[in-house]
Amino acid sequence: MKSIQVKQQRFHFIDQYRGLVGVLMLLGHSSYYFNSIWKQLDPFDPLFAGWEQFALRYLGYICAPGFLMMNGAMVWWAYHRRITKGTPDWTARWHLIQRGLFLVLVQMIWVNASWGGFSAFKPWHLGIISCIGISMILLTLIVNFRWQYRLGIALTIFVIHPFLLNITYSPDDTLVKVLMQTFIDAGEFNKYPVLPWFALATLGSVMATGWLSEWQSDKKRILFGSLIAAAAILIAVILRMERGFGNINAFSDFGSYSFLLDQKYPPSIFHNLWFFGSVVLGVGVIIALGRIIPKPLKILGAVGKVPLFFYCIHIALLGIFSKRIGLFYREGEVIESLIGMVILLAVMLPLSKWFANVKSKNKNYFILMI
Amino acid sequence: MFMTITKIMSMNICIVFIVLLISSGCSSRNETPVVEEDSTIVYTPKDSSGISAKITLCRRVSKKTGKRIGAGTVFNIKDKAKVRALVDLINVENQSYPELIFHLDWIGPNDRSFFRKGINVSPEDSVTTIRSAISISPEKRKAGRYTFRVYLFRELIAEKNFNLVSGLSRSE
């Protein structure tokens, strides 16, 4: 196992990319509550009447891969920073495991209920936050592996997962359904099974080795990141065009809706590679933009510093005002979704800045966990 | 506060603009639909050799002759009655795709999809018509305006609106 010495510093591009993903997620959730297409749209089997609705939905596809990879990067970073400071190995891991468990609890106690504006308590359901939490816990077990081994583990999971999807089970058998949908398959209990998303988080930790340690300049981060992104996207396109292993949904032509919309719940190999490349490319773009227009990116950084707070509060606001009180709930279309996003951002940005300030000055265990 | 909102708006406009540029090349259908004589709303393919569709809604199809009986856009709600949708596909035999992915979607007066059917067709199958049907018995359906939609590879290619009415008047 390799011990890596890391310096104490904050990597603004990580916060800013997380912030960008947070804003896109906000747009997607604004659409979920204000856009009438959701009266017909099945996220497991999406269909579109026009390109604006397709674009609006597809923009949100980057969010889960983006958050998982950034979380994986931060797990790697947090672990090695603690080790560098002299923290014992399992003490460093235990802190991260606690945070992972906390995320699972947040999903069950807060997030599930917030979608409906807290009209009902719904703990028996998992989602993206719990998926990130469980991925964190699993990642602590391999966080000090060399990046080559972590890469091998992630790619092995990508290859094996499609075979595991062939396991048949009865949805009436609750225990089996919970196990399968927690780790392998997507369904009403959980749309984000851990295995493929943990693999993406692991790839985030692999990229962290470069972004946060080995590549000491922005030029190297941009160059190597772009090369890796291009390779991943090229492999994804080749897999897709072969129309064989690695694909789940058929498609018509390169670049069509159906080409881009391979299965997300759970993700196909194409989906994983395509969005891995997209996230790495996006991080490179953020690094580059940070050198040209650093001030506007601070807005993104404000969101990215407190992503869990941002997630939990904006959904609660949407759930209460739109779903429970009935304000414009699924009455609009694309324009209304954009307006909703702008209004929510105007509310959430100052809240996020405030909470980041509270968190930086607070030693309360739960505040620091959020 | 004003500067923050201005920055947010500028960022939103940039994001939307980039997405517009990228997305404009993804759709294979013309944005402006053509309304046929039989009221089918068709989103024609950008490529003239692409698949198009014509929708016929009727009460039943004769097993002997295949004739579509009671075709129209207004149907009476009554026990054991159905509305059948027949989608005639144009140019399907000239396609080189390994398979064609269709979705047929029925949408109610509340704009909610209440029945969806996925149909995979191989161009070699020589299938030129795909079908779906819904019950219009009083327990299942209410009077109002409905829509039937046809999607190919997740894009809308045709749709037809129709009305369900209560009462004893004869359907068309």
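User: How many helices and strands make up the secondary structure of chain B?

Analyst: Chain B has one helix and twelve strands, where helices (H or I, at least four residues) and strands (E, at least two) are DSSP runs numbered from the N terminus. Along the sequence the pattern is α-β-β-β-β-β-β-β-β-β-β-β-β. Before we go on, a word on conventions: residues are numbered from 1 along each chain as its sequence is written, and chains are lettered from A and ligands numbered from 1 in the order in which they are written. This is a predicted model, in which local features need pLDDT of at least 70, side-chain atom pairs count only at pLDDT 80 or more, and totals for chains, interfaces and linings use all residues, while side-chain values use heavy atoms, with hydrogens and water left out.

User: Why is Val83(B) called buried?

Analyst: Buried means under 20% relative accessible area, exposed over 50%, and partly exposed in between (1.4 Å probe, protein chains only). Val83(B) has 0% relative accessibility, so it counts as buried. This residue sits in strand E7 (residues 82-90) of chain B. In chain B as a whole, buried residues make up 44% of the 172 residues.

User: Which residues is Val83(B) in contact with, leaving aside neighbours within four places in sequence?

Analyst: Contact means heavy atoms within 4.5 Å. By that rule, the partners of Val83(B) include Leu57(B), Phe75(B), Trp106(B), Ile134(B) and Leu164(B).

User: What makes a group of residues a nonpolar core?

Analyst: The group must be a set of buried Ala, Val, Leu, Ile, Met, Phe, Trp, Tyr and Cys residues joined through side-chain atoms within 4.5 Å. The largest such core here has 116 residues, and Phe13(A), Trp211(A), Leu212(A) and Trp274(A) have the most contacts inside it. Its largest share, twelve residues, comes from helix H3 (residues 63-84) of chain A. A second, separate core of 32 residues includes Ile77(B), Val83(B), Leu100(B) and Phe153(B). In soluble globular proteins, nonpolar side chains tend to be buried together.

User: How do you know that the length of helix H14 of chain A agrees with its number of residues?

Analyst: The expected span of a helix is 1.5 Å times one less than its number of residues. For the 28 residues of H14 (residues 334-361) of chain A this gives 40 Å, and the end C-alpha atoms are 40 Å apart, so the two agree. H14(A) also bends by about 25 degrees at Leu345(A), the bend being the angle between axes fitted to the seven residues ending there and the seven starting there.

User: What makes Asp15(A) and Arg18(A) a salt bridge?

Analyst: A salt bridge is a side-chain nitrogen of Lys or Arg within 4 Å of a carboxyl oxygen of Asp or Glu. The N to O distance between the side chains of Asp15(A) and Arg18(A) is 3.1 Å, so the pair meets the rule. Being three residues apart in helix H1 of chain A, they are separated by about one helical turn.

User: What is the area buried between chain B and chain A?

Analyst: Buried area is the accessible area (1.4 Å probe) that two parts lose on being put together, summed over both. Between chain B and chain A that comes to about 3,200 Å², with carbon and sulfur atoms giving 66%. Cys26(B), Arg116(B) and Arg154(B) supply 22% of the area that chain B buries against chain A, more than any other three residues. In terms of contacts, 31 residues of chain B meet 34 residues of chain A.

User: How many salt bridges does the rule find across this interface?

Analyst: The rule finds one across the interface of chain B and chain A. The side chains of Arg154(B) and Asp45(A) meet in a salt bridge at 2.8 Å, N to O. Over all chains, the search finds eleven salt bridges.
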